[in-house]
Amino acid sequence: MDEEYDAIVLGTGLKECILSGMLSVSGKKVLHVDRNKYYGGESASICPLEELFTKFGAPAPDDSYGRGRDWNVDLIPKFLMANGQLVKLLIHTGVTRYLEFKSVEGSYVYKGGKISKVPVDQKEALASDLMGMFEKRRFRNFLIYVQDFQQDDPKTWKDFDPSTADMQALYDKFGLDKNTQDFTGHALALFRDDEYLKRPAIDTIKRIKLYSDSLARYGKSPYLYPMYGLGELPQGFARLSAIYGGTYMLDKPIDEIVVGEGGKVVGVRSGDEVAKCKQVYCDPTYVPDRVRKKGRVVRCICLMDHPISNTRDALSTQIIIPQKQVGRNSDIYVSLVSYTHQVAAKGWFIAMVSTTVETDNPENEIKPGLELLGPVRQKFISVSDYYEPTDEGLQSQIFISQSYDATTHFETTCLDVLDIFKRGTGEEFDFSKIKHELGDEEQ
Amino acid sequence: MATIKIPEQKVILCGEYGVGKSSLFRRFTNDTFVTATDRKSTLGLDHYAKTYRVSDRDLKLQLWDTGGMERVASITSSYYKFAEAAILVFALDNPASFHVLSQHLLDIVTYAENAKIFLCGNKSDLLDDVPQITDAEIEAFCEQCHNLITGTYKTSCKNGQGIDEMFSDIAYQLVQSNRSRLELQSMEQHGFKITPTEETAEDSCLC
Ligand SMILES: Cc1cc2nc3c(=O)[nH]c(=O)nc-3n(C[C@H](O)[C@H](O)[C@H](O)COP(=O)(O)OP(=O)(O)OC[C@H]3O[C@@H](n4cnc5c(N)ncnc54)[C@H](O)[C@@H]3O)c2cc1C
Ligand SMILES: Nc1nc2c(ncn2[C@@H]2O[C@H](COP(=O)(O)OP(=O)(O)O)[C@@H](O)[C@H]2O)c(=O)[nH]1
Ligand SMILES: [Mg+2]
């Protein structure tokens, strides 16, 4: 450990592993440390199942759960948008070669106590039970408008300036009712609250396009999920970092981030060893004095031996419960994966219900999500604080990531990473730095 | 005419730091040898595929190196995923590297349950008259692990001895054991790789 590094990265969560990989690829000498014995921190997938039960203080699982090591349970549920930022990062860094994916089978939205498939094209919209007949026509016209929309071709704007007019105005232009607005904004554009209605429509149009572009890539839904669980993602980036020279140390407690003149970081201490460095990149848990609590997220892991009703027995799915449908300010998210992804023993399903905490009784807040699931064999509830840095790092050279939010996708994750990289190195990440002779087959 | 895809099998290298895994990888990829322990030697290249012909069938061995992660930390469990074979490497001049093999074996059977396991004693060029690890010891080890080991080899990355023979034999063994399985394999069981679309291949920047 007693060496000098360009950067020391603390924590092997997804964000830190992506950063570590990007830094190593950029030619920096990187030391990557985790206080845990395993890779992934909060982004790890827990294996075997016994360990998950122990973690939550539950008595060991019985035989009906099959073999413990057939399970890989994520602590934080997320899906990848097929055309989103993380997929771009995976492709450009070559990390995609370490992973295999499956498409999530369907996406559903909650309305008036039951769930309906999110209509993704005009044909599905016409068949959907979300809308009445006349509303369907209006929604269809809206979808056609969005699909034909080109930002650089004002002719396609149809007498509507989306960079100044807000989204509410666009909905009104097509006469869409509140329910349709609800699922468009929350299940297609994936907004977490209704702030977007007052913002320029262009933002929402782009998000709906991202949704349909992602959908176009692999079919059934716009979402992807990696075989063996999300824990494979940080590991993939850790490997990238290692093959570009990064050094890994696990099970290494960090006692102090050593700061020198002008408040600038000079190293990291573990016991009486100090590793010198010019920069530190870390998650909030390593620097409690440089972050502030922004909110809380409640997550409930549910082990079930059946799929969710009314999803055509999908082996994987996402359900969005828009805030307004249940009188809340933030949406509730349900994600489901199963044995088909090698994350559970044969016949088993893992559902996760999550939302941003709004009351003193978080458990009660996720009830509408739990009610959709049917009988649950085992539930694990956790409430975690959500932190953001108070230190931008420009002076201290300590760059801190934000905690993982309630979102069930990675778009905000990637934006945070790219932003940190830019603050830390003063430049955008240059994807051309990655030699593409990594493997022999593709290039 | 339809092209037949050559089946590709992931083969991973396991064992202590310094036993010659990267050197085996280097021999496999371009048949060279370096003495320096320079970790940059395999920088950026972490797996490589080569086609072997086994009694009129083609099989691609895709060999993976650890990337040096085992130097201080443990190897990620994802390294083992999808592996069809694992080569358990020790150095013939280093008894310690032989005696910890059971630990590595445990990792393999845990994370790559279905992988065939091969044992490789490397640095055979360093053997003088009194071997540090006897054939009897190697046999005893194989017996202890309930014959999980499909084949044992002695190699030298320095002079190249035994290397081609080892990889050819591994290819042969895999073809034998996969004969029926390869044909049954249905795509449904598997995930897919994500690949760039035309459009994403163009914009090399996320901004
Ligand atoms: C699969 C999926 C599941 C979701 N689940 C949740 C959830 O569990 N909880 C929750 O609160 N919210 C969820 N959402 C909605 C999502 O969280 C928000 O839209 C997103 O986090 C942006 O929030 P923001 O206001 O911080 O960013 P903004 O400031 O609104 O956006 C920042 C930038 O990110 C881009 N961006 C935002 N969202 C996406 C996206 N989906 N794909 C590509 N680029 C995007 C925008 O173009 C923008 O440039 C989900 C979205 C997806 C795709
Ligand atoms: N004499 C001899 N040295 C070898 C042989 N194979 C590897 N080495 C040397 O052993 C050292 C460690 O090899 P390396 O491939 O980096 O080991 P790894 O850590 O298992 O990847 C290097 O200095 C190699 O040159 C061999 O067959 N004979
Ligand atoms: Mg090596």
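Me: Which residue is the bridge partner of I319(A) in β16(A)?

Reply: V334(A) is that partner. A word on the source first: this is a predicted model, where local features need pLDDT of at least 70, side-chain atom pairs count only at pLDDT 80 or more, and totals for chains, interfaces and linings use all residues. Residues are numbered from 1 along each chain as its sequence is written, chains are lettered from A and ligands numbered from 1 in the order in which they are written, and side-chain values use heavy atoms, with hydrogens and water left out.

Me: How many bridges join β16(A) to strand β17 of chain A?

Reply: Start with the terms. Strands are DSSP runs of E, at least two residues; helices are runs of H or I, at least four; both are numbered from the N terminus. Two strands pair if DSSP finds at least two bridges between them. Here, seven bridges join β16(A) to β17 (residues 349–356), and the two run antiparallel. One pair is V337(A) with I350(A) in β17(A). Strand β15 (residues 317–321) of chain A also pairs with β16(A), antiparallel, over five bridges.

Me: Is strand β16 of chain A buried or exposed?

Reply: Buried means under 20% relative accessible area, exposed over 50%, and partly exposed in between (1.4 Å probe, protein chains only). Seven of the seven residues of β16 (residues 332–338) are buried, so the strand is largely enclosed by the rest of the structure.

Me: Which residues lie on each side of β16(A)?

Reply: In a regular strand the side chains alternate between the two faces of the sheet. In this strand, I332(A), V334(A), L336(A) and S338(A) are on one side. Y333(A), S335(A) and V337(A) are on the other. Both faces are covered.

Me: Where does P77(A) lie, and what does P77(A) touch?

Reply: P77(A) sits in the loop between β4 (73–74) and β5 (80–81) of chain A. P77(A) is buried, with a relative accessible area of 6%. Contact means heavy atoms within 4.5 Å. Not counting residues up to four places away in sequence, P77(A) touches L230(A), R299(A), S335(A), M352(A), S354(A), T407(A) and T408(A). The C-alpha atoms of P77(A) and C300(A) are 9.9 Å apart, although 223 residues separate them along the chain.

Me: Which residues come nearest to ligand 1?

Reply: A residue is near a molecule if one of its heavy atoms lies within 4 Å of it. Of the 17 residues around ligand 1, the nearest are L190(A), R192(A), L210(A), Y333(A) and T407(A).

Me: Which polar side-chain atom lies 2.7 Å from an oxygen atom of ligand 1?

Reply: A polar contact is a pair of N or O atoms within 3.5 Å; within protein, one must be able to donate a hydrogen and the other to accept it, and residues adjacent in sequence count only if both atoms are side-chain atoms. The atom you want belongs to R192(A). A side-chain N or O atom of R207(A) is 2.5 Å from an oxygen atom of ligand 1. A side-chain N or O atom of Y333(A) is 2.6 Å from a nitrogen atom of the ligand.

Me: Which helix gives the largest share of the shell around ligand 1?

Reply: That is α12(A), with three residues. T413(A) lies in this helix. At 3% relative accessibility, T413(A) counts as buried.

Me: How many residues surround ligand 2?

Reply: There are 20, and the closest include G18(B) and S23(B). A polar side-chain atom of N122(B) is 3.1 Å from a nitrogen atom of ligand 2.
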